[in-house]
Amino acid sequence: MFEFLSVFVQYADQWGPRLAEAAVVSARISLLGFALAAVVGLVLALMQDTSSALLRGVAKGYVIFFRGVPVLAILFLIYFGLPGIGVVFDAEPAAIVGLGLAFAAQMAEVYRAGLSAIPKGQWEAARSVGFLPGQVLFLIILPQVARIVAAPVIVTFVALLKDSSLASLITVNELVLEGRALATEYFLPLHIYIWVGVMYFIIAFPLSMLAKLLSRRARLGTR
Amino acid sequence: MDFLTSTILPGLLTGATVTITVTLASLAIAATLGFLLALVREFSGLRLLNFAIDAYVEYLRNIPALSHLFILYFGLASIGFAITSIPAAIIGLGLVGSAVTCDIYRSGFSALGKGQSEAALAVGMTPMQVIWLILSPQAFRVALPPLGNYALQLLKDTSVVSAIAAPEIMFYARSMVTSTFQTTLIYSSAALIYLAMSLPLAWGVTRLEKRFGGATDV
């Protein structure tokens, strides 16, 4: 056991900086992908609330498609498939777009759950005392929705962060791919992949705990 | 078009049988092991054991499945425990899944009122009887819709086992691409095959949610 652990110490100065650099790439594609998902997801959620059957249908179809197809298949389709019809992405933008579009479907569901928890009467009441529609949305509805969706939003981000590991399979030089490079260089795959796992854990675990705390609090607030 | 029906579809469908096998086998491991973990975590009352289960669940849930699979497949082989790719895929996804289902079952148990076990104990049932006959059947009903959602997620997640050379859909897709270069056609066919499998499952999950109540936040 001691021998096993001492390997980590022995190679810390060689693996540490390279995996830290790769972690920055993982964090970057996760954050940018999540930003895209948050925006597209909100549009999808609002589309499903409109009176236009066409908009509702498009949004619904989008959610069904992306909920039914693996993220990996979407990444391959964007990175390897689209060049076949003349659309070429670099690896990193392809990963961001793929993760963003895939998780937008999930974010749409999160927003919808939040929006449906606010009684319609609040809209009517706020309008009748003279609030403008935009004011109702931003001053009254969204602050309440934010409180409800905070926990599931974080949970979705953690899921996206974990799926950002799939970007290694379309040659993005993030944690897992850097881990593979190190594994072939040093022939110590067990140690290296454990280290890679720990890097994800360091980011994901505090977020998961925060989500748990927030969801407990949101539940108490509604009682 | 001929090429699609003569080469691409048969290849992808061969992969689909492995996808289904891996999904069902790891679902079986996850659903059983997760239930045992949840039972121990909810009812054992042993602090050390509870801590170990929490650590197990958080470790598996906060690290990508791909990372776990590499540890199992490449990592263990390097210290002499070689596992072939399909068993590695099933064990890896099954263990990760057991952490997910453990949380699902636990929220099922916590949805039940405390009065139930008190009442059952008061009429003379043993604690084991209370757990098996009163609490578990109800917790299982509450857990069904999120379990269905998990199964849907698992079906899609099996695509990552292509990275450890398990010959499922994405693996066949990649190897056909290297020999034919029909990237757009092959990858969109692969996406559609996943969709063909997940749509009925998603429909079933929606029905479960209607029947047994909405999703809990796991």
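**Entry 1: the second largest pocket**

I looked up the second largest pocket in this predicted model and recorded about 370 Å³ of space in it. I then asked which residues lie closest to its centre. Of the 14 residues in the lining, these are Phe43(B), Phe109(B), Lys114(B), Ser117(B) and Leu135(B).

I next traced the lining to elements of chain B. At least two lining residues come from each of α1 (2-43), α4 (85-110), α5 (114-122) and α6 (127-157) of chain B. By residue class, I noted eight nonpolar, three polar and three charged residues in this lining.

**Entry 2: the interface of chain A and chain B**

I turned to the contacts between the chains. On the side of chain A, 39 residues are in contact with chain B, and 34 residues of chain B take part. The two chains bury about 3,200 Å² between them, and carbon and sulfur atoms account for 70% of that area. I asked which three residues supply more than any other three of the area that chain A buries against chain B. They are Arg67(A), Leu190(A) and Tyr193(A), with 19% of that area.

**Entry 3: charged and polar pairs across the interface**

I searched the interface for salt bridges and found one between chain A and chain B. Lys212(A) is paired there with Glu58(B), and their closest N and O atoms are 2.8 Å apart. The pair meets the criterion, because a salt bridge requires a side-chain nitrogen of Lys or Arg within 4 Å of a carboxyl oxygen of Asp or Glu. I also recorded eight residue pairs in polar contact across this interface, both residues being at pLDDT 80 or more.

**Entry 4: the side of chain A that touches chain B**

I listed the elements of chain A that give two or more residues to this side: α2 (53-68), α3 (71-81), α6 (133-163), α7 (175-186) and α8 (189-222). Which of the elements gives the most? I found that α8(A) does, with 16 residues. The residues on this side of chain A divide into 26 nonpolar, eight polar and five charged.

**Entry 5: salt bridges over all chains**

Terms used. Residues numbered from 1 in each chain as written. Chains lettered and ligands numbered in written order. Heavy atoms only, no water. Contact = heavy atoms within 4.5 Å. Buried area = accessible area lost by both parts, 1.4 Å probe. Polar contact = N/O pair within 3.5 Å; in protein donor to acceptor, adjacent residues only side chain to side chain. Helix = DSSP H or I, 4+ residues; strand = E, 2+ residues; numbered from the N terminus. Nonpolar A, V, L, I, M, F, W, Y, C, P; charged D, E, K, R; others polar. 1 Å grid on protein atoms, 1.4 Å probe; cavity = no way out; pocket = protein on both sides within 12 Å on 5 of 7 lines; lining within 4 Å. Points joined across faces, edges and corners; volume = space filled by probe spheres on them.
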